Number of protein chains: 2
Amino acid sequence: MATPGKEIKILAFDVFGTVVDWHGRIAREVDALGLGVDGAEFALAWRAGYKPAMQRVMTGELGWTKVDDLHRMILEDILRRFGVTALDDAQKRHLNLVWHRLDPWPDAVQGIARLKRRFTVCTLSNGNIGLLTAIAKHGGLPWDCILSAEVFKAYKPAPATYLGVAEVFDVAPGEVMLVAAHQDDLAAARGCGLKTAYIERPLEYGAARVNDVSPDPANTFHARDLLDLADQLGA
Amino acid sequence: MATPGKEIKILAFDVFGTVVDWHGRIAREVDALGLGVDGAEFALAWRAGYKPAMQRVMTGELGWTKVDDLHRMILEDILRRFGVTALDDAQKRHLNLVWHRLDPWPDAVQGIARLKRRFTVCTLSNGNIGLLTAIAKHGGLPWDCILSAEVFKAYKPAPATYLGVAEVFDVAPGEVMLVAAHQDDLAAARGCGLKTAYIERPLEYGAARVNDVSPDPANTFHARDLLDLADQLGA
């Protein structure tokens with residue numbers, strides 16, 4: 001029997017939603033602050049501001065901006081919208097760094113450790129390097145290397161990010177596989193010639209808004225979680 | 001008693017010579033090829049071509065070039081100078097990748113693992129990201145993050161590299177310490193406000209050319225090896 005994915009050398013992982021659960025931690029920390037807002041709704045609003053903020057950078061309206069700083073800009077906006085005035089600057093700074101304290105999904109550490117034995121495992125996230133490093137240290141994620149939009153000075157889904165991974169490791173695009181829980185990210189990677197693995201994360205947006213995890217046959221692999229992906233790849 | 005280095009958050013490590021032994025592995029692999037050249041001399045010549053090659057990039061004579069590609073350019077030159085004509089392209093490519101197979105000094109893996117418990121540990125090397133990742137995977141070096149001249153598009157000793165580490169982690173320059181076996185690298189880092197730790201590597205250039213490892217009182221720490229540094233930092 002042929003080894004599945006035998007031409008693949010590099011696994012590049014999306015992080016927010018795919019490897020770590022942003023919604024759960026943010027909702028819990030916001031609820032714990034007792035601000036009179038719904039933590040789950042606050043988390044969704046914060047995350048919803050992410051793509052428009054990156055868009056402002058990609059159109060040139062803003063210069064290159066780290067996601068840590070975009071998160072803070074969005075936070076200021078949603079605190080206003082939710083009518084929260086009780087936080088001082090130090091408290092806002094601490095809350096903004098909740099993104100550094102996100103926990104891995106239960107399968108993530110073991111799944112990445114297994115995949116690391118056969119592949120080079122790296123991040124490919126729009127998060128900045130410092131943010132991704134803090135998350136890895138917080139959760140014990142055993143990356144071989146942290147790659148970020150910050151390295152390529154372009155946010156996904158810009159081709160420079162997907163093709164940048166292949167260039168960094170001096171391999172062909174088809175020797176890289178993007179691992180992500182988002183079909184739009186995977187489609188963009190596929191458009192650059194990468195292999196793609198979809199990971200089911202039905203609870204990414206919380207239990208009140210269960211995520212559609214239907215398979216798209218265009219993906220090279222479809223896996224329940226990272227342990228299932230390791231099984232399918234024989235790692 | 002005050003904690004030594006208590007204001008330090010990030011340890012940024014030079015790699016070639018400080019963490020891995022380039023001379024030993026290259027000399028052994030070249031000797032094993034039976035080309036009729038002295039492996040130790042060949043290793044020294046290859047390494048000696050490194051700074052002039054980077055200089056050609058920094059002056060703009062060459063566009064941005066990965067160290068993997070600089071190593072190949074230097075290799076072609078020294079093969080000519082040593083009169084070696086027996087290698088075909090695949091063999092030269094394999095030999096060039098000896099830099100990906102360098103072994104850590106005996107104290108390095110354990111030393112970095114101990115320091116990682118208290119600090120964020122990253123590379124700061126002129127080597128490209130793919131090269132540094134391969135070395136880490138080969139030797140089991142447990143970096144939190146791989147930073148490289150390739151991220152900053154400038155080679156050490158350009159200030160953009162040392163200050164870039166502080167920017168990536170959103171800390172002051174004085175909260176970063178460069179760990180290196182080379183006084184010129186450390187002096188440049190100090191000029192940017194970083195703390196510095198000198199590591200003794202008397203055999204970096206081989207047993208035939210023992211390295212001066214005299215202390216410079218300008219450094220924040222002077223350590224025999226990375227275990228000694230961990231001891232001094234209480235890590």
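These questions and answers walk through a predicted model, its chain contact and its domains.

Visitor: What rotation superposes chain B on chain A?
Guide: Two copies of a chain are related by a rotation about an axis and a shift along it. Here the shift is 0.0 Å, and the RMSD is 0.0 Å. That is the relation of a two-fold axis. The rotation is 180°.

Visitor: Which residue of chain B has the C-alpha nearest the axis?
Guide: The axis is the one that relates chain B to chain A by 180°. The C-alpha in question lies 2.7 Å from the axis. The residue is Val151(B).

Visitor: What percentage of the contact residues of chain B recur in chain A?
Guide: The contact takes 19 residues from chain B and 19 residues from chain A. The same surface serves both copies. The percentage that recurs is 100%.

Visitor: What area is buried between chain B and chain A?
Guide: Carbon and sulfur atoms give 52% of that area. Chain B brings 19 residues to the contact. The buried area is about 1500 Å².

Visitor: Which element gives the largest share of the side of chain B that touches chain A?
Guide: Between the chains, 8 residue pairs are in polar contact, both residues at pLDDT 80 or more. On chain B, helix H7 (129-139), strand S5 (145-148), helix H8 (149-152) and helix H9 (159-168) each supply at least two residues. The largest share is 4 residues, and it comes from H7(B).

Visitor: How many residues on the side of chain B that touches chain A are charged?
Guide: Sort that side of chain B by residue class.

Visitor: How far apart are the C-alpha centres of domain 1 and domain 2 of chain A?
Guide: Domain 1 of chain A comes in two segments, 10-22 and 103-232. Domain 2 of chain A covers 23-101. Their C-alpha centres lie 23 Å apart.

Visitor: What area is buried between domain 1 and domain 2 of chain A?
Guide: In chain A, 23 residues of domain 1 are in contact with 23 residues of domain 2. Carbon and sulfur atoms give 60% of the buried area. The total is about 2000 Å².

Visitor: Which helix gives the most to the side of domain 1 of chain A that touches domain 2?
Guide: Across this interface the rule finds 3 salt bridges. Helix H7 (129-139) and helix H8 (149-152) of chain A each supply at least two residues on the domain 1 side. The top contribution is 5 residues, from H7(A).

Visitor: How many residues separate Arg25(A) from Asp103(A)?
Guide: Arg25(A) and Asp103(A) form a salt bridge, with the closest N and O atoms 3.4 Å apart. The pair links distant parts of the chain. Arg25(A) sits in helix H1, and Asp103(A) in strand S3. The separation is 78 residues.

Technical notes:
Residues numbered from 1 in each chain as written. Chains lettered and ligands numbered in written order. Predicted model: local features only at pLDDT ≥ 70, side-chain atom pairs only at ≥ 80, totals over all residues. Heavy atoms only, no water. Contact = heavy atoms within 4.5 Å. Buried area = accessible area lost by both parts, 1.4 Å probe. Polar contact = N/O pair within 3.5 Å; in protein donor to acceptor, adjacent residues only side chain to side chain. Nonpolar A, V, L, I, M, F, W, Y, C, P; charged D, E, K, R; others polar. Domains from an automatic or database assignment. Salt bridge = Lys/Arg side-chain N within 4 Å of Asp/Glu carboxyl O. Least-squares fit on C-alpha atoms with pLDDT ≥ 70 in both.
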